[in-house]
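Please look over the sequence and the model before reading on.

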Amino acid sequence: MSQYSEYTNDQIKAFDKSSVWHHLTPGAAAENGLPMFVKGKGLDLWDIDGNQYLDASAGGVWVTNTGYGRKEIVDAMSEQLLELNFFASAMANKPAAVFANRLLEKMPGMQRVFYSSSGSEANEKAFKMVRQISHKKYGGKKNKILYRERDYHGTTLAALSATGQSQRRDQFGPFVPGFVEFPHCFEYRSQFEDTTDYGLKAAQLMEEVILREGPETVGAVIIEPITAGGGIITPPDGYLKAVEQICKKHHILLILDEVVCGLGRTGKWFGYQHYDIQPDIVTMAKGVASGYAAISCTVTTEAVYKMLQEDASDDKLGYFRDISTYGGCLAGPAAAIANMKIIEDENLIENCAALGDVFLAGLQKLKAKYPIIGDVRGKGLLLGVELVRDHHTKEPEDESVAIKIFIACKQAGLLIGRTNRSFEHNNILNMSPALCVSEAQIEKILSILDQAFASVTASK
Ligand code: PMP
């Protein structure tokens, strides 16, 4: 018997309306009743009223990379939970040790895994490492953390202080001191009229901020290798390599936020691995356990780890004195091991790279057909469609049009994502099906998108 069976569906819907405060949703929208999903299998989802959807958003926010209903993952978690459900990560445990080992095999050059429970928290850990290194090595002076316009790093106050999306953050100040923004790298909306060598020029904009602030005050730079929520922005040639070199030159740690890109979403294990760079700290969350458990990781080089260990015997506070109650315990890494095994056994990274190309080519065809599509871009199955009023001026299309496309897709049984009040113009649609998507499903997604664009542009 299910623990919900004493209630009717209508009662449960009423509880939701009266009692749940939904994320990112104004009250008025929630009052109209939001879809309540009750079942998933692969990429298919069913709501409480029996409507079926094809999910091209991986759970709305790039999470369910291995798809819904994976018994192998649930079995691994349940076995672990019955054996032992919890002991704090100050002690050792089997799944945390095994997953760290497996993960580091995919990340040459990286050596230590610090576990926590969400993307925001993984970034907070990275910031605290930078701040403590500043105290230990630089008399507290090299403490600033530079972040990029349009990137998102999370919801907690330091992560939000490092977020370059005005509409997401501006009502929550004052912010944590020591976070400084640098200009975006978004070729479609380049700051320069001449976009030759745009990657190098954009990296130069970052160095200008470092020089303005004083390199001796800057401890780290944080970047999303491919910006996700800020508009699916892939870096142009040379950008990340130049960022890496500038950081090295000024002894600044490079933190890569792989909360979305990590674990295969872009067609490699990690987004940064497309660009021949070596970060100092990498954070990850969503795809680590594909939504079966709340787990995140802050992965560092041995050099970063050592800086936070050395002198620990003389200086009692010299080690990284940090904890996250649920970090690394125990269902999380157990799920992550099983999730990684599925990615490997089913060649999901290769599938993602190959079908990502098919999907992008299909989106390019839609762009040729509908003038409202200004740009399509992305890597692997992290794809975006930017809507404009005019191809030439690139004036962003109104948010209401993106919402209409989103609704038309939903009515036809397709779930896509969209930038949700992140900045002034929310004119970008996100396409990110699970990595186990099939070619037939990509064709179906493209065909529904085609119909949605046809009907919305005809009624404009
Ligand atoms: N970084 C990035 C790039 C993200 O997209 C997100 C979440 N969308 C986060 C960090 C924060 O993760 P969480 O919501 O798990 O705290």
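In which sense do β14 and strand β15 pair, and over how many bridges? The model discussed here is predicted. In it, β14 and β15 (residues 428–431) pair in the antiparallel sense, with two bridges between them. Gly417 stands opposite Asn430, a residue of β15.

## The four-stranded sheet

The pair of β14 and β15 belongs to an open sheet of four strands, whose order is β11-β12-β15-β14 and whose pairing is antiparallel. At the edges are β11 (373–379) and β14 (417–418), each of which pairs on one side only.

## Helices across the sheet

Two helices lie across strands of this sheet. Helix α13, made up of residues 348–369, lies across β11, β12 (382–387) and β15, and runs at about 175° to β11. Helix α14, residues 399–411, lies across β12, β14 and β15, at about 30° to β15.

## Lys367

Lys367 has its place in helix α13. Because 18 C-beta neighbours lie inside 10 Å, Lys367 counts as partly exposed. Apart from neighbours within four places in sequence, Lys367 is in contact with Ile373 and Val376. Asp450 is 83 residues from Lys367 in sequence, while their C-alpha atoms are 10.0 Å apart in space.

## The hairpin of β1 and β2

Strands β1 (residues 37–41) and β2 (residues 44–47) run antiparallel and are joined by four bridges. Lys39 has Trp46 in β2 as its bridge partner. Two residues lie between the strands of this hairpin, in which Gly42 takes a positive phi near 65°.

Key: Residues numbered from 1 in each chain as written. Predicted model: local features only at pLDDT ≥ 70, side-chain atom pairs only at ≥ 80, totals over all residues. Pairing = 2+ DSSP bridges. Contact = placed C-beta atoms within 7 Å. Axes fitted to C-alpha atoms, helices over the stretch in contact; angles between N-to-C directions. Buried ≥ 20, exposed ≤ 12 C-beta atoms within 10 Å, placed from the backbone.
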